[in-house]
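Visitor: I am new to this structure. Could you walk me through it with a few questions and answers?

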Amino acid sequence: MAREIVDGESKLDLPVEAANVVAMLAGQLLQLHTQLRKLDLRLAALQRSDDRARRLATIPGIGPIGATALAASVTDPKQFSSGRQFAAWLGLTPRQSSSGGKDRLGRITKMGDRYLRQLLVVGATALVRYAKEKRGTVDPRFIALLARKPARVASVAIANKMARIAWAVMARGGVFERGHAPILAAA
């Protein structure tokens with residue numbers, strides 16, 4: 001539609017000045033779209049050239065943007081002793097106010113890197129939406145979580161899980177394996 005307006009093929013039922021403004025805005029929109037396509041191509045090339053970003057992109061819910069952002073932001077994943085510590089650094093863990101043997105978990109802390117946390121939550125939200133549409137192809141744990149919790153809470157919980165998996169991929173090498181059972185859980 002924007003292309004037709006710029007080329008003058010679309011007849012707008014507007015006053016002349018308003019049609020000129022709409023044509024100018026449509027031209028800017030087309031330029032922006034072209035620039036975004038170029039950036040997407042450069043980002044995909046960067047992701048393909050970086051080994052860690054390529055491995056991170058194997059995790060469901062992490063695309064080229066998330067993979068390159070994680071690879072660029074976390075230069076040494078071994079600075080975190082565990083995936084939980086990495087998820088806490090991102091601000092994806094609940095605040096704890098426990099005492100006397102009673103565990104009290106509060107809201108998500110949101111104290112870490114806002115951009116990385118946002119990318120993971122958006123990716124997890126896409127996984128939740130996909131799980132609702134195609135239940136047979138998604139991890140059964142996600143479906144069970146969605147049955148127990150609201151979608152937004154499940155999204156943050158899945159983002160937490162994705163952060164832990166991302167740490168393992170970065171710290172230990174290898175790629176994401178669907179259905180992988182940790183060594184401690186298998187024993």
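Visitor: How many aromatic pairs does the structure hold?
Guide: Happy to start there! This is a predicted model, and rings pair in it if their centres lie within 6.5 Å. By that cut-off, the number of aromatic pairs is 3.

Visitor: Are the rings of F80 and F86 stacked or edge-to-face?
Guide: Their centres are 5.2 Å apart and their planes stand at 65 degrees. Planes over 60 degrees apart count as edge-to-face, so the pair of F80 and F86 is edge-to-face.

Visitor: And the rings of F86 and W89, stacked or edge-to-face?
Guide: F86 and W89 both lie in helix α5, 3 residues apart. Their ring centres are 5.9 Å apart, with planes at 25 degrees. Planes under 30 degrees apart count as stacked, so the pair of F86 and W89 is stacked.

Visitor: Is W89 buried or partly exposed?
Guide: Ring pairs link W89 into a cluster with F80 and F86. F86 is buried, at a relative accessible area of 0%, and F80 is buried at 7%. W89 has 34% relative accessibility, so W89 counts as partly exposed.

Visitor: How far apart are the end C-alpha atoms of helix α6?
Guide: Helix α6 has 20 residues, 114-133. At 1.5 Å a residue, they should span 28 Å. The distance in the model agrees with this: 29 Å.

Conventions:
Residues numbered from 1 in each chain as written. Predicted model: local features only at pLDDT ≥ 70, side-chain atom pairs only at ≥ 80, totals over all residues. Heavy atoms only, no water. Helix = DSSP H or I, 4+ residues; strand = E, 2+ residues; numbered from the N terminus. Expected span 1.5 Å × (residues − 1). Phe/Tyr/Trp six-rings, centres within 6.5 Å; stacked < 30°, edge-to-face > 60°. Buried < 20%, exposed > 50% of the residue type's maximum accessible area, 1.4 Å probe, protein only.
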